[in-house]
Amino acid sequence: MGDSQEKQPGFTVDSVAVSDLLPWAQNPRVHTTEQVDLVSKSIEHFGFTNPIIADDENNVLAGHARLEAAKRAGLSEVPVIHLGDLSDADKRAYVITDNQLTIVSEWDTVRLQEELALLSDENYDLALTGFTDDELSAFLEPTDLDFPEVDITDDEPEDPTEIKCPSCGHIFPA
């Protein structure tokens, strides 16, 4: 590894009472009621599959929306990964980093459209994906990339110095 060592914080995974978890007071990320409702529906359908991340004092570093959703769902305990050995600066940075890293990713829209179409074909509840109805409609509506048909049986010879647009008929110089 050379002169630098890979930093791996120590952690444990525990089941913790929801009432014992403390939201990070300086959390700069805002969670809307709509988002918490979507997270709650996801938890109801898939279970609590993504643990909350907290420090050793149960201060939530990541998973504030999941914590709110758990409260709404009446869950008494949730899985928590406790990160140890983090400085106060590391904790503050982690709260920001965890949220920002998901924002800077992008969708492979072709694959996303394919996956959503397959789920739609199976009559799957696409509301669970977190996309709005308008977004789903845009992804699932067929796209017409076909070009208009061109009549190539025209007896009139083409002028090689001009190009005719098959769509509008406009003539362009070649």
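## Close-up views of a predicted model

View 1. Strand S3 (residues 52-54) and strand S4 run antiparallel and are joined by two bridges. Strands here are DSSP runs of E of at least two residues, and helices are runs of H or I of at least four residues, both numbered from the N terminus. Two strands count as paired if DSSP finds at least two bridges between them. Ala54 has Val60 in S4 as its bridge partner. Four residues lie between the strands of this hairpin, and Asn58 takes a positive phi near 65°.

The model is predicted, so local features need pLDDT of at least 70 and side-chain atom pairs count only at pLDDT 80 or more, while totals for chains, interfaces and linings use all residues. Residues are numbered from 1 along each chain as its sequence is written, and side-chain values use heavy atoms, with hydrogens and water left out.

**View 2. Strand S4 also pairs with strand S2.** S2 (residues 22-23) and S4 (residues 59-62) pair in the parallel sense over two bridges. Leu22 stands opposite Asn59 in S4.

View 3. Val36, Val39, Ser40 and Ile43 of H1 are buried (under 20% relative accessible area; exposed is over 50%, partly exposed in between; 1.4 Å probe, protein chains only). An α-helix has 3.6 residues a turn, so residues three or four places apart point the same way. The buried residues of H1 pack against helix H2 (64-73). After H1 comes Gly47, with a positive phi near 95°.

**View 4. Lys91 forms a salt bridge with Asp55.** A salt bridge is a side-chain nitrogen of Lys or Arg within 4 Å of a carboxyl oxygen of Asp or Glu. The closest N and O atoms of Lys91 and Asp55 are 3.1 Å apart. Lys91 lies in helix H3 (residues 88-103) and Asp55 in the loop between S3 and S4, 36 residues apart. Lys91 counts as buried at 10% relative accessibility, and Asp55 is buried at 1%. Glu57 also forms a salt bridge with Lys91, with the closest N and O atoms 3.6 Å apart.

**View 5. Asp108 and Arg111 meet in a salt bridge.** The N to O distance is 3.8 Å. Asp108 is partly exposed, with 39% relative accessible area, whereas Arg111 is exposed, with 58%.

Terms used:
Contact means heavy atoms within 4.5 Å.
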